[in-house]
Amino acid sequence: MKRLTPRFWLQRPIRWSLVFSFASLLLSCSTNEIPLGPTSLNSRYTEEQPALSGNGRFLAFISNRNGSHQLLVYDLEEQRLVSIPGLNRPRTITENPSLSYTGRYIAYLTSDQGRPVVALYDRATQNSQVMTPTYRGWLRNPGISPDGRYIVFETASRGQWDIEVLDRGPDIELDIPNGASVR
């Protein structure tokens with residue numbers, strides 16, 4: 001007959017408590033609370049660089065889902081991804097999104113022939129255009145004003161980081177809420 005030492009009796013409860021602790025940890029980390037999938041806000045891939053529209057309805061972010069680095073827009077009210085055709089091009093990187101008030105305009109950093117440029121996407125016309133084609137040097141951190149008229153960004157064209165303000169002009173269609181007056 002085998003004699004049990006007090007040490008063995010102590011190890012048995014510790015072993016079972018570890019098993020139960022590990023099982024409860026696994027159950028508490030279940031994905032039932034956060035919806036995951038191709039149309040949800042979160043996925044099993046990296047989601048980063050969030051930017052919220054001025055009215056709080058739209059969220060732009062950079063995602064690694066679908067096997068590529070892309071800019072996505074999520075409608076927080078309807079809880080679904082918004083279609084943005086023509087924005088994400090193959091073999092290009094998009095970074096640092098910024099949204100106007102209703103999310104009509106999206107300013108972002110992308111690459112054009114291997115150099116960074118600030119681009120602007122208009123969700124109403126579904127067109128994207130490079131806003132800084134002639135800038136030499138590096139650009140980073142673009143932002144757009146709530147009405148969509150001004151774009152700001154950092155540039156290193158003078159050998160140091162400076163702030164530039166790009167005025168899109170008085171003739172653009174502003175992104176203002178319905179019924180709001182323009183000063």
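1. Basis. The model is predicted, so to speak of a local feature requires pLDDT of at least 70, and side-chain atom pairs count only at pLDDT 80 or more, while totals for chains, interfaces and linings use all residues. Residues are numbered from 1 along each chain as its sequence is written, and side-chain values use heavy atoms, with hydrogens and water left out.

2. Main core. A nonpolar core here is a set of buried Ala, Val, Leu, Ile, Met, Phe, Trp, Tyr and Cys residues joined through side-chain atoms within 4.5 Å. Buried means under 20% relative accessible area, exposed means over 50%, and partly exposed is in between (1.4 Å probe, protein chains only). The largest such core has 13 residues. Leu71, Val73, Ile84, Leu87, Ile106, Tyr108 and Tyr121 have the most contacts inside it. Four strands each supply at least two of its residues: β2 (58–63), β3 (70–75), β6 (105–112) and β7 (115–122). The largest share, three residues, comes from β2. Strands (E, at least two residues) are DSSP runs, as are helices (H or I, at least four), and both are numbered from the N terminus.

3. Tyr121. Contact means heavy atoms within 4.5 Å. Setting aside neighbours within four places in sequence, Tyr121 is in contact with residues including Ile84, Leu87, Ile106 and Tyr108. Its other partners include Pro85, Gly86, Arg104, Gln126, Asn127 and Ser128.

4. Second core. A separate core of 11 residues includes Tyr105, Val118, Ile144 and Ile151. In soluble globular proteins, nonpolar side chains tend to be buried together. Ile151 is found in strand β10. Ile151 has 0% relative accessibility, so it counts as buried. Not counting residues up to four places away in sequence, Ile151 touches Val118, Leu120, Met131, Gly143, Ile144, Glu164, Val165, Leu166 and Arg168. Leu120 is 31 residues from Ile151 in sequence, with 9.0 Å between their C-alpha atoms.

5. Aromatic pair. Rings of Phe, Tyr and Trp (its six-membered ring) pair if their centres lie within 6.5 Å; planes under 30 degrees apart count as stacked, over 60 as edge-to-face, and the rest as tilted. The count by this rule is one pair. The ring centres of Tyr135 and Phe153 are 5.2 Å apart and the planes meet at 85°, so the pair is edge-to-face. Tyr135 sits in the loop between β8 (127–130) and β9 (139–144), and Phe153 in strand β10, 18 residues apart. Phe153 is buried at 1% relative accessible area. Tyr135 is partly exposed at 22%.

6. Surface patch. Tyr150, Val152, Ile163 and Val165 form a nonpolar surface patch with about 380 Å² of accessible area together. Patch members have over 30% relative accessible area and no salt bridge; nonpolar side chains (Val, Leu, Ile, Met, Phe, Trp, Tyr) are joined within 5 Å, like charges within 9 Å. A salt bridge is a side-chain nitrogen of Lys or Arg within 4 Å of a carboxyl oxygen of Asp or Glu. Areas come from the Shrake-Rupley method with a 1.4 Å probe; for residues, only the protein chains shown count as cover. β10 (150–155) and β11 (162–167) each give two or more residues to the patch. Val152, in strand β10, is partly exposed at 33% relative accessible area.

7. Asn96 is not a glycine, yet has a positive phi of about 50°. Asn96 is in strand β5 (residues 95–99) and is partly exposed at 22%. Asn141 also has a positive phi, near 50°. Asn141 lies in strand β9 and is partly exposed at 38%.
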